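Dear colleague,

Please find below the structure that I am handing over to you.

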Amino acid sequence: MNIQSVRHIEGPNVYLYKPILVARIHLGEWTEKESVDYPGFTERLLALLPGLAEHHCAKGAPGGFVERLQGGTYFGHICEHVAIELANLAGLGVNYGKTVYADGPGIYDIVLECACFETQRWLLLQAVELVRALSRDERAPDVAQIITEARDIHAQYQLGPSTQAIVDACKRRGIPVRRLQGSFLELGYGVHRKRVEATITQKTSCVGVDIASDKAFTKRLLEDVGIPVPYGGVATSPEEAIDWLCDVGAPVVVKPLDGRQGQGVSLNLTTEDEVRKAFAVASEYSRSAVVEEYIPGSNVRLLVVAGRCVAASLRQPAMVEGDGKATIRELIERVNQDPRRGVGHEKPLTRIAIDAVVERVLAKAGYTLESVPAQGERVTVRDSANLSTGGEACDVTDVIHPTYRRIAEQSAMHIGLDVCGVDMVIRSLHEPAARGNCAVIEVNAAPGIRMHEHPSQGEPRRVAEAIVESLFPNGQNGRIPIISITGTNGKTTTSRLVAHGFATAGKTVGHTSTGGVYIGGTLVQPGDTTGPRSARLVLSHPEVEVAVLETARGGIIRGGLAYDYADVGVITNISLDHVGQDCLDSIDDIAHVKALVGERVRPGGIVVLNADDDRVMAMRSRFQAEAFLTSLSQRNERIVRHIAAGGTAFYVEDGQIVEANGRVRRTVVPVAEIPITLGGTVGFHVENALLATAAMRAAGLPRRLVAKALRTFEPDRNQGRCAMFQLQNGAHVILDYAHNPAGFQRVGEWLERVPHKRLLGVVGVPGDRADHVVEQAAQALAPWFDQFIVKEDQDLRGRKPGEIARIMQTAIAQAVPHKPVKVVLSEVQAMEAALCDMQAGDVLCVFYEKLAPLEQRLTQLGAVRVHGLPVQSDGPSYAML
């Protein structure tokens, strides 16, 4: 068994609306082998991991997986369940798993709900090793050691409590959150996007952070404005530290000049030897140390957010309580077993580390680590009250005198921090502040907030919500309108129409499509950009007010959705395409993938459905959002029933796009006035215009703006879709991106009505389609053209040169043996071969892979772009349906 690849899908996906891990495994010698083929395997596995007996599996009840083991199940499935069990033993809370056949014998994809990608990737590798060993009756890996290492990995990668508190606050507010790396978060979308690193926000002043990092400079600035601070100075050597002891007078505090989290701080020092040793400890964290007067009193952290003190915590240094039997070392180890304590900031409390500071503090009090305190005797083991050094906190927000809050607020203002932790020593919390009974000892940028969110005693304070409110005031959720468009054909044109509509309304639109990523109409990333990475570019762009996302099958399968939910989802149609790719075996598989767009429309949003498409309408029961339906005919029975039930629909009646709801019917725009429909004759563009109209109305655009957008969307804006050129001899060339049977059929229906002497086709399909899809594409093309030149894409997508062309050539010849068909593999050369034979009145349609080389060659030949072709007047018009 061998794990070939592992990937992480962050957003909603075809398996789960949560993040998942997808691993491709090759079973090797275990291919087609089952658990029952290895005597004793099931018993050994259950003895090692008894929790597997609780796994439901297909039965839907505890014991289901054991039944599968005992009846015989494949080893990919076994690895899945073992990985889930290990993840749960490590405390990750993973419930979902699925194993699916992938890409050949013995190759499977294992899909797991993913709480922490790095941890679960490692656990999956251990699961495979464990299953391999047990199947061979070899010594299995140590499960306890696996779990210990998994927890260590998880501690390394999980969010700290402060960052997690902000994530939780955002989720309660419905604000989208994305982890960028480490403690960096991106909150909200587009113009509302904010970035934070733990409690440093994008509003935090860099100057303020630099000031707060220099403790001596901070004290001087505060002292200049009358805020009480301890007297002292900076020492760069032990001798200077002793000089300051003499100047300040004992007792003193020694701490790193630019330290953090209470590291290297020594308090209540009275002798030169103590100061010398304390300077050495501080030097481990900074080149210089602050030596200042020691002020007795309670150590209080006050948190200021956006100029307002929102919480106060009384901090107590790490201590242990004796039982008359255990040594102080043993008591510290016992305290560290508290599940609330972890390494660093991973949990609400921090484990107490035994170091030189602990030994010094104990020695000063007459103890050693081997001393045995009496029953009930409390021994302070560190003099710093920071949670980071093992201290605890008690909430005093409601009892501290308001004057101390004002001092904290003034301190934050003068240092210039929007989120600020102000450390004060206060002799009496209940008495008003006065010179001599309090002092600000430190100001902290990026203050930890776990002491407020998870105090050891007192009421928890949701200070993360105050930070989030400072970024998103008045209950804002940080969202922008998201319109997500999927389907087999028409996605690009529909998304372009919608993007143009919002641009017409004066909005800065972020738009992804097969033609690239556009921000405010400017191309910022060329190529086929219909996956989640391109969508994230749009959603994180600080100028984008509306996101219009063309959302393709490949991106959904390989990367999920880039957003948690959209405001409007559009499903244009479902037809045969991409079968044979990404484990898609049927049109139903395609429908399942694309349905995700409708499933992830927010409550209160709208999903736009093409009522002329049976497969689209079959999805409707899967969607919770309200539906807007579209149809080329007002006589569509689904439309009629929908309107009668109070629903909203859009259809063509008497040459007009009509919006109807109940008994109310309003005209939006005459179809003949929509340029891309060529007077209503291009049926698939009428369909696209209907879908776009419904999407724009669902997103709140007024009808007049929708009509203006449809009227002003010229064919030039729809690059590569029915792009028409006239040659010098009067013949015409059309470049179009149709690449599947339904697309070819719709283009053929339109071209048949264009007056012509001959219709010529340069045809081909992508190489990653299954053979029967290629054959059906050829059969769809066969009726419409008088002669064919079959070409191939430059990207063969795994096929041999000429393989796709031969399949198409054979299929066309079988369907229409009387029509000429030849093969020219190069796309440009195939077009040139067709052009050599063209005469006035002929029309050539090239179904391209790469648009630019064809346009460039046509320009070199003197062809000019035209925006229409004459259409037979006696044929049916979509505008007249």
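Helices α7 and α8 are roughly perpendicular to each other (a term for angles of 65 to 115 degrees; under 35 counts as roughly parallel, over 145 as roughly antiparallel and the rest as oblique). The angle between α7 (residues 206-213) and α8 (residues 215-224) is about 105°, and their axes lie 5 Å apart. Axes are lines fitted to C-alpha atoms, for helices over the stretch in contact, and angles run from 0 to 180 degrees between N-to-C directions. Ile211, Ala212 and Ser213 of α7 meet Lys215, Phe217, Thr218 and Leu221 of α8, where contact means heavy atoms within 4.5 Å.

The model is predicted: local features need pLDDT of at least 70 and side-chain atom pairs count only at pLDDT 80 or more, while totals for chains, interfaces and linings use all residues. Residues are numbered from 1 along each chain as its sequence is written, and side-chain values use heavy atoms, with hydrogens and water left out. Helices (H or I, at least four residues) and strands (E, at least two) are DSSP runs, numbered from the N terminus.

An open antiparallel sheet is formed by 4 strands in the order β9-β12-β10-β11; strands pair if DSSP finds at least two bridges between them. Its edge strands, β9 (232-235) and β11 (266-269), each pair on one side only. From one strand to the next, the twist averages 20°. β9 and β12 (residues 289-293) are joined by 4 bridges, and Val234 stands opposite Val290 in β12. α8 packs on this sheet, touching β9, β10 (252-256) and β12, and its direction makes about 40° with that of β12. Helix α10 (residues 272-282) lies across β9, β10, β11 and β12, at about 20° to β10.

Antiparallel strands β5 (residues 177-181) and β6 (residues 184-187) share 4 bridges, with Arg178 opposite Glu186 in β6. Gly182 takes a positive phi near 50° in this hairpin, which has 2 residues between the strands. In the hairpin of β6 and β7, with 6 residues between the strands, Gly188 has a positive phi near 80°.

Lastly, Asp768 is found in the loop between β35 (759-763) and α25 (771-781). Asp768 is buried, at a relative accessible area of 17% (buried means under 20%, exposed over 50%, partly exposed in between, with a 1.4 Å probe and protein chains only). In helix α17 (residues 532-539), 6 of the 8 residues are buried, among them Arg536.

Yours sincerely
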